[in-house]
Amino acid sequence: MFKKDSTPSLADTKQFQAPWLLHTAASRSGILSLSKLWPWGVIDTRTQNTQEHELLAQGGITVVGSPITPNTETSAHSPVLAEIMDVDIDSHGNYIHTLVIRNGGKSVEAEAQPRHNLVMTHGYFTGVGFFYRNYYDLSQVEGWDIYSIDWLGMGRSSRPTYKGCRAEGEDKRVSHAEEFFVESLEEWRKHMGIEKMTLCGHSFGGYMNSVYALKYPQHVEKLVLVSPIGLPEAPPDLEERMRNGYSPSNSDKPKDGEPLAAPNKPSMQRVMLFRTAMSLWDRNYTPQWLVRSAGPFSRRLIDWYIGRFSLLTEEQRRGMAAYSHQIAMLPESSASALGDILRPGAFARRPLVGRLSAITVPTTFMYGSHDWVEHTGGLEVIRRIGGRVATHLYRVPNAGHNMHIDNPTVFNRFLVSEMKGVQVYLGEMVVGKLIHIGVDLVLLSTALAGIRRSTGLKLKPGSLVESKDMQSYIERYLSLGEMAMDLAASRMGSSSTYFTRDH
């Protein structure tokens, strides 16, 4: 069921050829001599392990079996132990790449007592490594196990062929894509033996976690949506706006009847760029496809993208770029499903704002202070829920869309608060249920006492259980009803205002 992810020998190393190099679908076996001429075209498990483990080590995480450990001279705390495994989810060789931290990172052995489970899911074009600045703080919450997964067909999970349903209409197209991810998450949960979990998903992960929670609420304790995509309805003129070179959500497009100022009119180059991007998007071409197609320039594209994280050190950016390049160059798979789920402009084909109004689990939203995803979407969902379940919304200061990277200190504090809130909430639920059961038992005992006094009929404990001790407990329980009847009669008899006796 589990395939442990340890650093392989050279003979066992899995290698890939980028499609722009071989002009065929990439394979997980063998390598052609042609790759020696273009070494950037080879992606292997050894390098993937190294880059992933080095990135995690920057966050104070030591992967079991890896020679790479955090720098104790620069780290303010002792390392946390994490286990990385590939969890088989079907009989076709598909697996989910998984990071697990148990027992506060002190050991990898599962404890016997029940624990809470935090399951983190990444956004588009990323993987488990992108939470490297969060795992340590989250693992220190007592009573919690931390799991982080790569979505099927993304990150370092298996890369099955993804066949969309673009030709069968939009509803079928969306349903097929959602089912692909949601059912793979459900199979992973079953194989991991997790009954209940708090789901924390970023961006694309937030969208899919929402769909999962709507379908399988019995397995979700709380939903934490970190800048989730796909909430708001698309503007009615979205397609026209973008085809004419205007941004999907800004106000530069003049209203009907208003003259268009020449300086504000999009250039022909911008119009053609927007139309080309829309056409590629609708045909399920992805940014990952663009990176793979860039050949020897692919790493430069990744460096440019990671360079936008200006709050990171140079070492941190190098680590993220190396890790991102490895997973970006893997074979195309479910990343192409993004076009099945979203329209150009990142608006969902089936918006969540209306669907989440039916959510039945506590739900929390987080947004960066200068996030490109508007926090008003989360506010609207909360308004529609109307207090039916517990909801919160946080805004992380000095952070954009990737707030868990930009400002991990505040992000971690907010998420830890939500994790502890689950413990309090469940504790309150247990106490409430115990009180409810206790009241029901007293009422039942009182009713039985009333029946005995009015009819003479009495429950026979011996007909229920053979044990003399248990029969004694039942007798004591029935006497509780007698006491309640006597107390009620005494109180009622002393109150002539509200009660009178029949003569």
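Biologist: Which residues line the second largest cavity?

Modeller: Keep in mind that this is a predicted model. The second largest cavity has a volume of about 40 Å³. By class, its lining divides into 5 nonpolar, 3 polar and no charged residues. The names you want are Tyr124, Trp281, Asn284, Tyr285, Thr286, Pro287, Leu338 and Gly339.

Biologist: And what volume does the largest cavity have?

Modeller: Let's start with the count: the structure holds 2 cavities of 30 Å³ or more. Lining the largest cavity are Tyr124, Phe125, Thr126, Met154, Gly155, Arg159, Gln288, Ile327 and Ala335. That lining has 5 nonpolar, 3 polar and 1 charged residues. As for its volume, the largest cavity comes to about 70 Å³.

Biologist: How many charged residues does the contact of H4 with H5 have?

Modeller: On the H4 side, the contact includes Glu178, Glu183, Glu186 and Arg189. On the H5 side, Lys215 is one of the residues taking part, along with others such as Phe204 and Tyr207. Sorted by class, the contact has 10 nonpolar and 1 polar residues, and the charged ones number 5.

Biologist: Last one: where in the chain is Asp145, the partner of Arg115?

Modeller: A search of the whole structure finds 18 salt bridges, and one of them joins the side chains of Arg115 and Asp145, at 2.8 Å from N to O. This pair links distant parts of the chain, 30 residues apart. Arg115 sits in the loop between strand E6 (95-101) and strand E7 (116-121), while Asp145 is in strand E8 (residues 144-149).

Conventions. Residues numbered from 1 in each chain as written. Predicted model: local features only at pLDDT ≥ 70, side-chain atom pairs only at ≥ 80, totals over all residues. Heavy atoms only, no water. Contact = heavy atoms within 4.5 Å. Helix = DSSP H or I, 4+ residues; strand = E, 2+ residues; numbered from the N terminus. Nonpolar A, V, L, I, M, F, W, Y, C, P; charged D, E, K, R; others polar. 1 Å grid on protein atoms, 1.4 Å probe; cavity = no way out; pocket = protein on both sides within 12 Å on 5 of 7 lines; lining within 4 Å. Points joined across faces, edges and corners; volume = space filled by probe spheres on them. Salt bridge = Lys/Arg side-chain N within 4 Å of Asp/Glu carboxyl O.
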